Every structure is written in structure tokens, then in C-alpha cells.
Amino acid sequence: MTETVRVRFAPSPTGYLHVGGARTALFNWLFARKHNGTFILRIEDTDIQRSSEAMVQGIIEGMRWLGLDADEGPLFQSSFVEQHRAAARRLVEEGKAYYDFTPKEQTDDRTIKERIVGRALAQAEAGKGRNPYRDLPTEEALRRIDAGEQAAIRLKVPESGVSRFEDIVYGTQERDYTDIEDLVLIRSDGHPLYNLSVVVDDIEMRITHVIRGQDHLTNTHKQILIYEALGAPAPQFGHLPLISAPGKEKLSKRKHGEVVSVTFYRDRGFIPDALVNFLALLGWSPGTDQERLSRQELIEQFSLEGVNKSSAVFNFNESDPRDWTDPKALWMNGEYIRSMSLDELVPMVSEELKKAGLWRDDFAAGGREWFRQTVDLLRARYRTIRDFWELGRPYFSDEFEYEQPAVKKNLKDERLRELLPGLADSLDRVEEFTHDNVEAALRAYCEGQGVKAGLLINASRTALTGQAVGPGMFDIFVALGRSRSVERLRKAVRLVGGV
RNA sequence: GCCGCUAUGGUGUAAGUGGUUAACACGCAGCCCUCUCAAGGCUGAGACUACGGGUUCGAGUCCCGUUAGCGGUACCA
């Protein structure tokens with residue numbers, strides 16, 4: 001008997017899928033899954049000028065990557081324009097909307113905001129005159145239309161009273177009708193406008209809950225007016241707080257660029273589940289201290305009542321190469337990397353190595369076990385999948401850079417010219433190349449030479465990986481194996497002392 | 001300009017219907033572990049709950065005002 005939940009994510013393809021959109025999509029998806037409802041993807045491509053096929057693909061790709069599968073769609077709003085026009089015409093016939101023959105305003109070089117303010121000021125000065133065409137007899141208007149005159153269709157907004165609705169997140173919302181202008185439904189060139197289109201589509205798709213960004217909150221009153229005029233019950237509304245840029249600045253695709261794009265996170269080595277987990281916590285809380293939530297837990301615990309009202313800062317920092325995005329997102333991703341099962345992680349790392357050109361088929365064949373162990377060895381100190389080839393290169397390839405600071409720090413001591421080859425010889429003689437055997441050999445060698453083990457341990461790390469940081473040294477020896485270890489030790493002699 | 005929304009440490013969030021030293025996570029600092037870096041464990045710094053008034057025995061929690069940020073206001077979406 002209970003009506004099934006039907007929700008939709010309705011992005012306009014004027015840009016890639018950004019974190020704000022992704023979060024809106026996610027909350028809709030969670031809500032649908034939680035209530036065994038239907039999640040619909042509807043592309044709002046009525047603005048032909050700014051929409052593009054590439055963006056549509058980008059959005060679909062981003063959602064697929066995040067695992068937000070739609071039950072219906074993608075549906076394209078542009079294919080329903082006839083219905084939108086028909087609805088408006090019906091409203092005119094019923095006297096709920098009217099043709100406005102006022103010539104279309106010429107766009108000047110002022111900004112939109114300036115134009116709005118200018119218009120408001122002019123109106124205040126002239127006194128609030130109603131649109132002269134509002135009461136033009138419908139027959140006469142129709143006659144003029146038939147004669148080829150152009151006109152926009154506007155909705156008749158009540159002259160007094162207040163509009164009121166209950167928002168699931170923001171509570172009771174009120175707005176005086178006098179603050180709402182008779183809105184344009186259809187442009188004079190016949191193009192349906194946003195507010196009309198969404199409402200008609202949402203009715204057609206039997207949407208029960210409209211979950212979207214708070215930027216639509218005040219315009220919801222207009223849409224409710226359209227629902228009423230059309231004689232359709234309005235759905236429930238739940239508006240989501242906006243996500244803002246550092247400094248509570250507003251998030252802008254143009255200004256902040258790709259760092260707010262979902263695909264950027266994919267390309268930088270994020271795990272979908274981790275990003276989903278992070279995004280879910282931006283503006284929502286389960287009400288407990290639990291921060292790590294699996295997809296299933298998210299679905300179980302999600303509720304619109306747990307959504308909070310204030311906007312959340314997404315603390316990215318595109319200029320910082322290390323902490324390029326929100327530190328908590330990076331932490332969360334690292335958390336997933338080190339705790340997820342190897343069976344899931346290994347294929348992800350494999351893909352990443354393929355992209356970086358470091359993949360060898362042996363990693364999935366004879367070297368499969370070795371590959372798993374190496375991934376396991378490295379994962380504790382990596383925060384993104386990308387780190388596996390950026391930082392982990394020396395483990396998977398013989399071509400890698402020696403970092404200057406590391407060389408300076410660990411290969412400075414002149415004695416290493418003799419010690420490195422000496423250690424190489426001694427390791428070459430170790431029977432079984434295991435962690436303990438290598439350690440014993442190295443320590444014995446150091447004792448024989450009268451040097452501290454630390455000297456050769458650190459030097460070896462740089463000799464073998466070019467880095468000053470990494471896993472425990474004996475694990476590295478084992479991971480690289482005898483021949484490569486010995487070879488790299490000998491090769492590193494040329495770096496000793498120099499810069 | 002007008003209308004609306006929001007306001008808890010640097011960031012994300014907690015704190016049933018007002019009741020103790022404002023909690024957790026990230027980040028930061030230090031210590032432990034240690035061959036380095038992470039991870040892990042422990043400790044700590046950091047919030048007069050935007051500001052100002054009320055109501056109350058008692059307010060982060062209720063009311064009013066101010067400020068700031070954001071949104072809307074368009075023949076954009």
C-alpha cells in the first residue's frame with residue numbers, strides 16, 4: 001500500500017560531474033536504496049547552447065565509477081519539450097497562465113546580477129504595476145498568436161497570501177506571493193523554461209521526493225504553484241546544504257577547476273567507496289561516532305533527517321602537490337587502501353600500473369604471489385592507488401629516479417664506496433634470501449667492518465629504491481629479491497659522496 | 001535593492017523535548033615503537049558554541065536584533 005519511493009538526480013550537462021552534484025546524486029541513491037525505491041537519472045539538457053554530449057558522458061561515467069546505478073534513465077529532458085509546451089498551453093486555456101506580448105528585453109553588457117538589481121530598483125520607483133497582459137482576454141491573446149505575434153507564457157501568481165511548504169531538511173518555508181513575479185513558463189521563441197520543465201517531468205515520472213541542492217529552495221515555491229495549477233500533488237522536498245570551497249567561498253567549476261571534478265579523483269587514485277564515504281559525511285551524519293561506513297551501512301543508516309542545514313567546506317588545496325584535496329578525504333582513502341581485502345585492492349593497483357606502463361604480465365602469473373605481498377607491504381604508507389606507481393615505482397620497475405635529498409642524506413659517507421660492494425658480495429652468498437637471513441648477514445657484515453648497521457640499512461634503502469623512506473629494509477631486500485638487490489647495491493656506488 | 005537560508009576549535013560532524021569540566025574524526029604538536037617513512041598505541045594544544053541583548057534557577061540548545069557568508073530574485077539551469 002505504501003507508495004514506492006521514486007527519486008531522481010537531474011544534472012544539467014553544462015559541466016562535468018563535480019563533488020556537489022555527486023553528493024546530491026549519492027543522497028538520492030541512498031534514499032532510494034534505503035526505501036527500496038527507484039532512482040532515476042534525468043539529464044536536463046534543455047539549454048542546448050551550454051549542454052554537450054561530452055558532458056553527458058562525463059556525468060554518466062562519474063556516476064558509474066561511484067557505483068550510483070540508476071534504475072531508470074538516462075532520460076533526456078529535451079525529448080519532453082512537447083509535453084512542456086502542451087502543459088503551458090493547457091494552463092493558458094484554463095486561465096491560469098497568460099500570453100505576455102511585451103517584447104523580449106535586449107540583453108545589455110551588464111552582468112545578470114546588475115540587471116536584476118536595476119530592474120528591481122526601476123520597479124520599486126515605478127510602483128509595483130502588474131503585467132498589463134495578465135488580464136487580456138484569452139480569445140484575444142489566442143487571436144494575436146494565430147496572427148503570428150510572439151509572446152511568452154507566464155504563470156498567474158496569486159496577488160496576495162503566502163506560499164508555504166514543509167521541507168524535510170529545512171523545515172517550514174514561507175514566502176509571500178507578492179515577492180514572486182509572474183514567472184515565464186515558455187519563452188517567446190517557444191522554448192520551455194526550467195521551472196516548468198522540472199515540474200512537468202517530475203509529475204510524469206511520478207517523483208515522490210525531490211532531493212536537490214539548497215540553491216533551489218526559494219524557487220520551490222514557484223514550482224509548487226505550477227503543481228497546483230496543473231492539478232497535480234506536489235512531491236516532498238528535501239534540500240541539501242551546499243558544498244563550498246575553502247574559506248566558505250562558493251564552489252565554482254570555472255574557478256576551482258578539475259579538483260572539484262569526480263573524474264579527477266578517479267584519475268588521482270581514489271577508491272570509489274572511500275570517496276562515497278567521505279561525501280556522505282559532508283552534510284550528513286549517522287548521529288554516532290562511526291566514520292567508516294560501508295555502502296551497506298550507509299544505506300541502512302541514511303535518513304534525510306540526519307542531513308544538516310549549514311553548508312560544508314570541501315577543503316581542497318589544488319596548489320599543494322601532497323595535500324591537493326581535503327585531508328580527510330585523503331585519510332579516508334588511505335584508510336580504505338590499508339583495510340580493504342587484497343583481492344579487491346590488487347586488481348585496482350594492477351589497473352593503475354597498466355596505465356603507468358609499469359605492468360608486467362608476470363605480476364598476474366608466476367609473480368602473482370610476489371605482487372600481492374608487495375602491494376600489501378606498501379599499502380600502509382600510501383593514500384591513493386596512484387601512489388603505487390608514483391612512489392612505488394622502484395618496486396615494480398628497474399627504471400626509477402634517485403631522489404637527491406635521499407642520496408645526500410644516506411649515501412654521503414665515503415666509506416660506502418667499499419661497503420656497498422662488500423655488502424653486495426655478502427648478500428650474494430646468503431643461502432636463502434629471507435628477511436631473517438638477510439638481516440643476519442647485514443648485521444654480521446657491519447660488525448666485521450666496524451660500522452653501525454643503521455649506516456648500511458639507510459644507505460641500502462636509497463641504493464635500492466632511490467628514496468629515504470619506505471618499508472622496513474629487510475622487507476625491501478626480500479621484495480626486490482637477491483639479484484636486483486645486489487645489482488642495485490653495486491650500481492649505487494657511483495652515487496656515493498657526490499651530489 | 002528586495003526575499004530567503006545558515007552560523008559549534010583550522011576542516012567535517014556530536015551534544016533526545018534547555019541541566020554538569022562542549023564529545024568524536026581529520027589535521028597539527030609531542031612521546032612510544034623503530035633502520036627511515038608510514039601504520040599502530042599514548043598524550044597534548046586548539047571553541048569565552050559569529051556578535052549583542054533578552055526569557056529562565058539554568059541556553060550551544062528558546063526569542064529579538066546585528067553582522068557575515070551563501071542562495072534566490074533572469075524570456076539561465
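In strand β7, T172 is the bridge partner of E166. Helices (H or I, at least four residues) and strands (E, at least two) are DSSP runs, numbered from the N terminus. Strands β6 and β7 (residues 171–176) run antiparallel and are joined by six bridges; two strands count as paired if DSSP finds at least two bridges between them. A hairpin of three residues leads from β6 to β7. Strand β6 (residues 162–167) lies largely in the open, because the number of buried residues among its six is zero. A residue is called buried if 20 or more other C-beta atoms lie within 10 Å of its own, exposed if 12 or fewer, and partly exposed in between, with C-beta atoms placed from the backbone.

This is a predicted model, in which local features need pLDDT of at least 70 and side-chain atom pairs count only at pLDDT 80 or more, while totals for chains, interfaces and linings use all residues. Residues are numbered from 1 along each chain as its sequence is written, and chains are lettered from A and ligands numbered from 1 in the order in which they are written.

An open sheet is formed by three strands in the order β4-β5-β8, with antiparallel pairing. Its edge strands, β4 (97–100) and β8 (184–186), each pair on one side only. From one strand to the next the twist averages 40°; axes are lines fitted to C-alpha atoms, for helices over the stretch in contact, and angles run from 0 to 180 degrees between N-to-C directions. Four bridges hold the antiparallel pair of β4 and β5 (residues 152–155), and A97 has L155 in β5 as its bridge partner. Helix α3 (residues 81–93) packs on this sheet and touches β4, β5 and β8, its direction making about 100° with that of β4.

Another open sheet has three strands in the order β12-β11-β13, and here the pairing is mixed. The edge strands β12 and β13 each pair on one side only. Strand β11 (residues 243–245) pairs with β12 in the antiparallel sense over two bridges, and A245 stands opposite E249 in β12.

The interior comes next. In soluble globular proteins, nonpolar side chains tend to be buried together. The largest nonpolar core has 116 residues, of which L26, A88, L185, L275, L279 and L420 touch the most other members. Such a core is a set of buried Ala, Val, Leu, Ile, Met, Phe, Trp, Tyr and Cys residues joined through C-beta atoms within 7 Å. Helix α1 (residues 19–34) gives the most to this core, nine residues. Not counting residues up to four places away in sequence, L26 touches L68, V276, L279 and A280, contact meaning C-beta atoms, placed from the backbone, within 7 Å.

T374 belongs to helix α14 (residues 368–379). T374 counts as buried because 24 other C-beta atoms lie within 10 Å. Leaving aside neighbours within four places in sequence, T374 is in contact with Y395 and A479.

RNA strand B has 66 residues around it, and S12, A120, S285, S310 and G472 come nearest; a residue is near if its C-beta atom, placed from the backbone, lies within 6 Å. Helix α4 supplies the largest share of this surface, seven residues. Elements that each supply at least two residues include α4 (112–126), β12 (249–250), β13 (312–313) and α21 (473–491).

Notes: Contact = placed C-beta atoms within 7 Å.
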